[in-house]
Amino acid sequence: MRKWILSGGLCAALAVPAIAAEKAPAPNLKDPYPSTYKAPAAPVTAITGAALFTGAGAYYPSATIVMADGKILAVGPDVTPPAGAQIIDGRGKVVTPGIIDVHSHLGDYAVPSVNANDDGNEATNPNTAQVWAEHSVWPQDPAFVRALAGGVTVMQILPGSANLFGGRSVTIKNVWSRTVQGMKFPGAPYGLKMACGENPKRVYGGKGSSPSTRMGNFAGYRSAWIAAQNYREEWDKYEAKKNAPLKSGGPESGKKEEENKPPKRDLQLETLAGALRGEILIHMHCYRADEMAQVIDMSKEFGYHVTAFHHAVEAYKVGDLLAKEGICASMWADWWGFKMESLDGIEENIPLVHAAGACAMIHSDDNVGNQRLNQDVARSVAAGRRMGLKISDAEAWTWLTLNPAKALGIDAKTGSLVNGKMADVVVWDRDPFSVYARAEKVYIDGALAYDLHDPKRQFRSDFELGYAPPAANQGEHAP
Amino acid sequence: MKKWTALLVLLSASALLTAARAEPVAVINGEIHTMRPAGVIKGGTVIFDNGVITAVGAGLAPPAGAKVIDAKGGIVTPGLMDSLTFLGLREVSAEQTTDDTTAAKAEFSAAFDVSYGINPDSAVIPVTRMHGITRAITAPVTSKTVFAGQAAAISLGEGSSFWVRPGIAMFVSLDGAGARIAGGARGASWVFLREVMNDVQFYRDNRKAFDKAEARATVLPRVDLEALIPVIEGRMPLVMEAYRESDIRQVIAFAGAYKLRVILLGGAEAWKVAPELARAGIPVIADPRDNLPTSFETLGASLDNVPRLQKANVKVAIATMGGALDQRYRSLRQFAGIAVANGLPYDEALAAITRVPAEIWGMSANYGALEKGKDADIVVWSGDPLEFTSMPTAVFIRGQAQDLTSRQTELRDRYRDVKNAPPTGYVPR
């Protein structure tokens, strides 16, 4: 075995340099780990006569949706399928956009949860803005296909919450791929994971280092932002000089160009500066209302915008503030009481935030919860109505699709069923807000990625081969 | 200390109160799910008095002087039961000072008895009760040995309708986690367990020698052996946690060899040995959502598990598995609904959170069905109890109408209108 590895290594060593010497690519700094995802070829498909939630607040009791070339070609009650389209009889079914889970750890906390798969928290320093979640994501996590069975077509995979700055997130499409690049959502902006409250101070305070208190947390954020401001200025100066029009001729202009050396690249500050520039979206784990208000002040101190507070168990206490600042809240339906900062969780959190006019979203943070996010929203909206809030099911669907798409900066491409967007579509066997509902068909970019009744359309991860029985995750198909 | 004394007084005083107050109640016009061969009675009436059901039937006339509750056609079920929680033991999971589920530094394990730590004033109880859950098993967590200790059954009732039944079952971990506690491998946990069983028999038969310190050494201290006597005599069920098929086969063999009342906890791969479990009469406590290979002992986890077990005539209790879910016990009815979505017949799902727990935990005499003689643990629903749109409109525990508010509804009401709440000089209700 050892011998084989050695000889294999030798071959590579011989072969590679010869090619590399001739075809060394130019450094790719802008997008060094680019998406290679391509929508698969799929027939023109029309789902006819189904009830349909657009995900943008509208509902049709009976509508037809046409998918072609990966996009939504037409949707509405009066649409006629084009000639030659594959027709799916949607009568009695309910069609929705694919669910977007704005907070996931699939792949970076993959199952089986053995030590080797524990790749979510680089808990070695309170600031690890330099790490990128995509370098931890294992595409063979068996949880991906189970999320797909729950209608999840897009997810943001984040680093964990041990650190003040956890690192970059990655947004992926929920497709089987050999590589993470093959799952990456084309053109999605990066996110930066930050964390408030108990986790960072527990992890580092427990090691006898800073932060050990909430005030230590804030000192840590602010010091890092100051460094990031300086780094950004250095680069801005360099870029300004580089792009300044050359003075005509003479030895002086040449000399000046030589002096304008790029600043030393720093991975950590590069991400933080990107966040200050608004190119990287800030997703901040924050439970308590008072902490959210403090973070908002800090964002003004340094001139950046918080895209979303995650977990946001107390968002209902500051719904007006979130609405005013244009910050989304990413919430559970019923998680509470597992630590002090989650003690005030209530079932009406999401509907109250929505009613306050803020951008409300469901999220899972969990490889079981993400299989039934539709049920979590069903529970939330029902609780909201019981307290007298007037929220329709159609509005509540925005918590599952359009609002998360907005928070991920991909709402121009997906998140609702309108012409020209990605054909990420779920066909449910009944009202998806029923506990008995199951996703029957899930389309990603117009291609059938999952079919409840066809085991061939339920991909299995490499890990499961020879370990788990075929389709063990599904009802009715196991041997 | 003071508080504890007060509690004892309260409990005994309230016991008197129950006996003293008597007003018959009739829930009329309900769709009564009796959980018995009588099945579903439409337009039915349930009459109870002194905390006990006195009559169930179609169109029964309320007795004279009875308080009448109109169910308005709504479904009426027994109160629901969650077969694995930490209710009353754990207030905030991450705060050890609020957690009485485990005693890592105690000198004993099997003797550990959660009942002393149960706090009826836990805010988690009303939050859970609002969703129609009226009783629960509240369980210990393993620390020193594979024995976690003795669980209790509790009611979720307020005041005089709260009760505790200590020593309802002994919990032991025979999964991978148990193996690590036992020394690092399954070969250690099972040898340990078998030796303990032999020790308990030896101890029971040689108590005098023990007290004179003339007996051989045992692997566990006397207090643990004492606690395990009801287990070897079949008076107390042994709840054995195991997930992998091979571990479950060991459980079946062990239960047979020692002739114990065994309940399987977890059982992710139980569907692979469903006929054997049925033959051995071993019931299973399961989470019907389990479908992930979270470890190498749950590779066969499947949404088919619970429906297949039921089909093979294995008794299945659906539980929220408290630990994994923290305080989300109110999801119990959703879990039952998920089992239905994956093939469990509706009536069986309802049974898995009422009648089956009653049978498994030895409570059938007074709980698990709506029929004469049972405790009046009754929930009137606004719709299908397993659906999100439904909530209890009335909950009775031992006949006492329960408050359906909680700390969470108080928070909700305070922040209903954030711009005006809480007003300056806010005075709590």
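Q: Where should I start with strands, say β8 and β9 of chain B: in which sense do they pair?
A: Two strands pair if DSSP finds at least two bridges between them. Helices (H or I, at least four residues) and strands (E, at least two) are DSSP runs, numbered from the N terminus. Here β8 (residues 147-155) and β9 (residues 164-173) of chain B pair in the antiparallel sense, over six bridges. For one facing pair, look at Ile154(B), which stands opposite Val164(B) in β9(B).

Q: And what am I looking at, and how are things numbered?
A: This is a predicted model, where local features need pLDDT of at least 70 and side-chain atom pairs count only at pLDDT 80 or more, while totals for chains, interfaces and linings use all residues. Residues are numbered from 1 along each chain as its sequence is written, and chains are lettered from A and ligands numbered from 1 in the order in which they are written.

Q: What is the order of the strands in the open sheet of eight strands in chain B?
A: Read it as β6-β7-β8-β9-β10-β11-β12-β13, with mixed pairing. β6 (80-85) and β13 (316-318) of chain B are at the edges with a single partner strand each, so one side of each has no neighbour in the sheet. From one strand to the next, the twist averages 25 degrees.

Q: What is the strand order in the open sheet of eight strands in chain A?
A: Chain A has an open sheet with the order β6-β7-β8-β9-β10-β11-β12-β13, again with mixed pairing. Its edges are β6 (99-104) and β13 (360-362) of chain A; each has a single partner strand, so one side of each is left without a neighbour in the sheet. Inside that order, β10 (residues 281-286) and β11 (residues 306-311) of chain A run parallel, joined by five bridges. Met284(A) stands opposite Phe309(A) in β11(A).

Q: Which way do the residues of β14 of chain B point?
A: Ile378(B) and Val380(B) point one way from β14 (residues 378-381), and Val379(B) and Trp381(B) the other way. β14(B) pairs with β5 (residues 75-78) of chain B in the antiparallel sense over three bridges, where Pro78(B) stands opposite Ile378(B). β14(B) also runs antiparallel to β15 (residues 392-397) of chain B, with four bridges, and there Val380(B) stands opposite Ala394(B).

Q: At what angle do helices α4 and α6 of chain B cross?
A: Axes are lines fitted to C-alpha atoms, for helices over the stretch in contact, and angles run from 0 to 180 degrees between N-to-C directions. The axes of α4 (residues 186-205) and α6 (residues 222-232) of chain B come within 9 Å and cross at roughly 100 degrees. These two helices, α4(B) and α6(B), are therefore roughly perpendicular, the label for 65 to 115 degrees (under 35 is roughly parallel, over 145 roughly antiparallel, the rest oblique).

Q: How many residues of chain A are in contact with chain B?
A: Two residues are in contact if their C-beta atoms, placed from the backbone, lie within 7 Å. By that test, 47 residues of chain A meet 42 residues of chain B. With five residues, α10(A) gives the most to the side of chain A that touches chain B.

Q: Which residues touch the most other members of the largest nonpolar core?
A: In soluble globular proteins, nonpolar side chains tend to be buried together. A nonpolar core is a set of buried Ala, Val, Leu, Ile, Met, Phe, Trp, Tyr and Cys residues joined through C-beta atoms within 7 Å. The largest one here has 268 residues, and among those touching the most other members are Ile65(A), Ala329(A) and Leu264(B). Helix α11 (residues 332-341) of chain B gives the most to this core, with seven residues. Apart from neighbours within four places in sequence, Leu264(B) is in contact with residues including Met240(B), Ile248(B) and Val284(B).

Q: Is Ala312(A), with its C-beta neighbours inside 10 Å, buried or exposed?
A: Ala312(A) has 32 C-beta neighbours inside 10 Å and so counts as buried. Its phi is positive, about 35 degrees, although Ala312(A) is not a glycine.

Terms used
Buried ≥ 20, exposed ≤ 12 C-beta atoms within 10 Å, placed from the backbone.
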